[in-house]
Amino acid sequence: MKRLIERSRSVGEVLRWVTQNPGKVSASHYPIALHKLGQLLQQQPGPPMGAGDGRGPAGQVLEQPEFHALCQAIVSGCAKFDNFSIVNCLYAAAALGLPGESPLVRVLEDESRSRLGRFNQKDVSMVFSSEANNKALEAIFSSQLFYENRQERFIRSMAEWLPRKAENLTPYTMALIAKYVARHRLREPRLLDTIANFLLKRGEQLDSKVIQKLVFPFSRMNYRPSNHGELFPKLEAILEQKAGSSPLATVNILMSMFQLSHFPQTVLHQVFSPGFITNVMSTPYALIVRRYLSLLDAAVELEFREYSGPRLDPRYRVLMFEHALTADEANRKY
C-alpha cells in the first residue's frame with residue numbers, strides 16, 4: 001500500500017487508495033498519503049499552495065469528502081504515529097494550506113507538544129530535506145511548537161543540520177531561516193556563518209531583495225561572519241551591478257554593511273548620484289528610501305570621514321527627529 005500511494009499520479013488516486021481499501025491501510029499509511037497530496041498539488045497549475053478558497057487545486061481537495069475522511073483517520077490514529085510522521089503531517093498540513101484552527105492541525109500540534117522531550121534531531125531535520133517546501137518550513141518556524149520550552153534545543157539541532165543541507169535549500173528557504181534567526185536574535189555563529197557561505201557561493205544568482213534578507217541577521221546581531229573578508233567585497237561588486245534594480249533593497253543592504261563598519265565607497269557614489277535619486281523619487285517607497293539615505297548620509301559624516309564622493313542632495317534629506325526626544329519617545333519611534 002505504501003508503494004501504491006507513493007506511485008500515485010493524481011490526488012484522486014491517493015484518496016481512493018486510502019479510503020476504499022480500509023482493510024489494507026494501516027496507521028502509518030495516512031501520513032504518507034497526506035504528504036503525497038502536498039507533493040501532487042505543488043505540481044498542479046493554479047493559485048499558490050494554501051489557497052484553500054475553493055478556486056484552486058488546494059481548495060478543491062479540501063472540499064472533498066474523501067479528504068475529510070483521511071483527516072479524520074489521522075486525527076484518530078495520531079497517537080500511534082512515530083515522531084517523524086507527526087512532524088511530517090504538520091509539514092503536509094502547512095503545504096495544503098490547512099488553517100491553524102482545523103481539528104487536524106490542533107491534534108497534531110497537541111501531540112507534538114506532548115512529545116517534545118522525545119523529539120530528536122533526526123525527527124526535525126528530516127523535514128528540512130531537499131524535498132521540503134518553503135511554505136511548510138515557514139509554518140514550522142512560525143509555529144508555537146518551536147517557541148515554547150525547546151527553542152535552545154531546536155537551535156542546536158538546526159545548527160547541526162543546516163551546514164550539511166544548505167546546498168539543497170532554495171534562496172527563498174534560506175531567506176526564511178535568516179528571517180527566523182534575525183527575528184529571535186539567535187547569535188549562533190554556525191547558523192550565521194552558514195547563511196554567509198550561502199551568500200558567498202550563490203550571491204550572483206540572487207536578486208537584491210533576497211540578499212537584503214540574508215544580510216540582515218548579521219547587522220541585527222552585530223556579527224561579522226567568518227568569511228567577511230571575501231563576502232563583503234563580493235556584495236559590493238553585486239550591488240554595483242544591481243543598485244538601480246531595487247533601490248530599497250540596495251539601501252537596506254548598505255545600512256546592514258554600515259552597521260558592521262563596512263563602507264562600500266563605489267556603491268555610495270551610485271546611491272547618492274542624481275540618477276539613483278531620480279529613480280527613487282518615481283517609486284511608491286520614495287519616502288522610506290529618502291529616510292534611509294538620510295541615515296546613510298549622517299553615518300558617512302560621522303564614521304566615514306575619508307569619504308570624498310557625492311553626498312545626499314540637501315533637498316532630499318529627511319529630518320529624522322523634529323525635536324529632542326526622551327529615551328521613551330525614541331524607543332517608541334525607533
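The legends below describe close-up views of a predicted model.

Residues are numbered from 1 along each chain as its sequence is written, and side-chain values use heavy atoms, with hydrogens and water left out. In this predicted model, local features need pLDDT of at least 70 and side-chain atom pairs count only at pLDDT 80 or more, while totals for chains, interfaces and linings use all residues.

**Figure 1. Overview of the protein.** The protein has 19 helices and zero strands; helices (H or I, at least four residues) and strands (E, at least two) are DSSP runs, numbered from the N terminus. Of the 334 residues, 48% are buried. Buried stands for under 20% relative accessible area, exposed for over 50%, and partly exposed for values in between (1.4 Å probe, protein chains only). Among contacts between residues at least 6 apart in sequence, 70% join residues at least 24 apart, where contact means heavy atoms within 4.5 Å.

**Figure 2. The salt bridge between K201 and E167.** A salt bridge is a side-chain nitrogen of Lys or Arg within 4 Å of a carboxyl oxygen of Asp or Glu. Seven salt bridges are found in a search of the whole structure. In one of them, the side chains of K201 and E167 meet with an N to O distance of 3.5 Å. K201 lies in helix α12 (residues 189–202) and E167 in the loop between α10 (151–165) and α11 (171–183), so this pair ties together parts that are 34 residues apart in sequence. Both ends count as exposed: K201 has a relative accessibility of 55%, and E167 has a relative accessible area of 64%.

Figure 3. The side chains of R311 and E301 form a salt bridge at 3.1 Å, N to O. R311 is in the loop between α18 (286–303) and α19 (327–333), whereas E301 is in helix α18, so the pair links parts that are ten residues apart in sequence. R311 is partly exposed at 31% relative accessible area, and E301 is partly exposed at 43%. R315 pairs with D313 in a further salt bridge, in which the closest N and O atoms are 3.0 Å apart. R315 is exposed, at 61% relative accessibility, while D313 is partly exposed, at 28%. Through shared partners, salt bridges join D297, E301, R311 and R317 into one network.

**Figure 4. Cysteines C71 and C89.** The structure holds zero disulfides, a disulfide being a pair of cysteine sulfur atoms within 2.5 Å. For C71, the closest cysteine sulfur is in C89, at 9.5 Å, which is too far for a bond. C89 is in no disulfide either, and the nearest cysteine sulfur to C89 is that of C78, 7.0 Å away. Both residues are buried, C71 with a relative accessible area of 12% and C89 at 0% relative accessibility.

**Figure 5. The crossing of α11 and α12.** The axes of these helices come within 11 Å and cross at roughly 150°. Axes are lines fitted to C-alpha atoms, for helices over the stretch in contact, and angles run from 0 to 180 degrees between N-to-C directions. The crossing of α11 and α12 is left-handed, that is, the near helix is turned anticlockwise from the far one by less than a right angle. P171, M174, A178 and V181 in α11 meet L191, L192, I195, F198 and R202 in α12. The residues of this contact divide into eight nonpolar, no polar and one charged. Ala, Val, Leu, Ile, Met, Phe, Trp, Tyr, Cys and Pro count as nonpolar, Asp, Glu, Lys and Arg as charged, and the others, Gly among them, as polar.
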